[in-house]
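Please keep the structure open as you read.

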Amino acid sequence: MTPEKPRKEQPRRRQARGERRIAQLLDAAASVFCATGYTAASTNAIAREAGVSPGTLYQFFPNKEAIAIELGGRLMHEMRETYGAVLTRVDPATPLAETVGAAVDRFVAFSSEHPVFFALMKGPDTPGRIAEEHDALHATLIARIEELLSSYLAGLSAAEVTRTAHICLSIHKAGLELALSHEGAERDAYVQEIKNVLIRYLEPLAAHTPPSSS
């Protein structure tokens, strides 16, 4: 009976080793995509960055598109968790600046920790599945921003809130790219400018919202 235990444990150990190897390859791919962009990246460069042979890489991924899709899928999942934590309806009594600041800070933190997210999204030959996922994420993100803004913009029509959500996201994305191109105090200054622009844009709209009857 004792030989059964090693036979049961071996697949679990192999699975754990495989998961660690996949994580190692994805980390290496993130570094290569950030350094060269998706187009110029190669499986050889990713294997070299991971410290493994190309043959080892091909045991897990058939090509760089498959690597990018796996990496992009994991980043999309984490991004959804990030915005789910901050883009929810809030008490209208919460200061607008506080709400905007919390949302911007969370997204800046995510983008700082995962610069490869933008490297994968911006390329002209981004794999189709990543582009599709990004489009779906964008649509969901707009809906969540609308939900957040509705706490402050009750006086606007649904179409106006949607338009405002699109403007806010565009402002944030443009400013974020600028902020991420700097480091330290200068990055912090750009992040503050993003907040300032969003707050100054939203404050006049919120001012026309009638006070809550509660």
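Two aromatic pairs are found in the structure; rings of Phe, Tyr and Trp (its six-membered ring) pair if their centres lie within 6.5 Å, and planes under 30 degrees apart count as stacked, over 60 as edge-to-face and the rest as tilted. Phe 33 and Tyr 38 make a tilted pair, because their planes stand at 50 degrees, with ring centres 5.5 Å apart. The other pair joins Phe 110 and Phe 117 edge-to-face, at 5.6 Å centre to centre and 80 degrees between the planes.

This is a predicted model, in which local features need pLDDT of at least 70 and side-chain atom pairs count only at pLDDT 80 or more, while totals for chains, interfaces and linings use all residues. Residues are numbered from 1 along each chain as its sequence is written, and side-chain values use heavy atoms, with hydrogens and water left out.

**The largest pocket**

Rolling a probe the size of a water molecule over the atoms shows where empty space is left. On a 1 Å grid over the protein atoms alone, a pocket is an open set of points where a 1.4 Å probe fits, with protein on both sides within 12 Å along at least five of seven lines; lining residues have an atom within 4 Å of a point. The largest pocket has a volume of about 520 Å³, a volume being the space filled by probe spheres set on the points, which are joined across faces, edges and corners.

Which residues lie nearest the centre of the largest pocket? They are Phe 107, Leu 141, Ile 145, Leu 169 and His 172, out of a lining of 29 residues. Two or more lining residues come from each of helix H5 (96–113), helix H6 (116–122), helix H7 (128–149), helix H8 (158–180) and helix H9 (184–207). By residue type, the lining holds 21 nonpolar, five polar and three charged residues. In this count Ala, Val, Leu, Ile, Met, Phe, Trp, Tyr, Cys and Pro are nonpolar, Asp, Glu, Lys and Arg are charged, and the others, Gly among them, are polar.

**The fold as a whole**

The protein has nine helices and zero strands, and its elements run α-α-α-α-α-α-α-α-α from the N terminus on. Helices (H or I, at least four residues) and strands (E, at least two) are DSSP runs, numbered from the N terminus. Of the 214 residues in the protein, 37% are buried. Among contacts with a separation of 6 or more, 71% link residues 24 or more positions apart, where contact means heavy atoms within 4.5 Å.

**Residues brought together across the chain**

| Pair | Residues apart along the chain | C-alpha separation |
|---|---|---|
| Leu 25 and Ala 50 | 25 residues | 5.8 Å |
| Ala 206 and Tyr 152 | 54 residues | 5.5 Å |
| Leu 205 and Leu 153 | 52 residues | 6.7 Å |
| Ala 154 and Pro 92 | 62 residues | 9.7 Å |

Leu 25 belongs to helix H1 (residues 4–36) and counts as buried because its relative accessibility is 0%. Beyond four places in sequence, Leu 25 touches Ile 46, Ala 50, Val 52, Leu 57, Phe 60 and Phe 61.

Leu 205 is partly exposed at 24% relative accessible area, and Ala 206 is partly exposed at 21%. Setting aside residues up to four places away in sequence, Leu 205 touches Leu 153, Leu 156 and Thr 164, while Ala 206 is in contact with Tyr 152 and Leu 153.

Lys 195 also lies in helix H9. Why does Lys 195 count as buried? Its relative accessibility is 13%, and its contacts beyond four places in sequence are Val 100, Gly 101, Val 104 and Asp 105. Ala 154, in the loop between H7 and H8, is exposed, with a relative accessible area of 56%.

Technical notes
Buried < 20%, exposed > 50% of the residue type's maximum accessible area, 1.4 Å probe, protein only.
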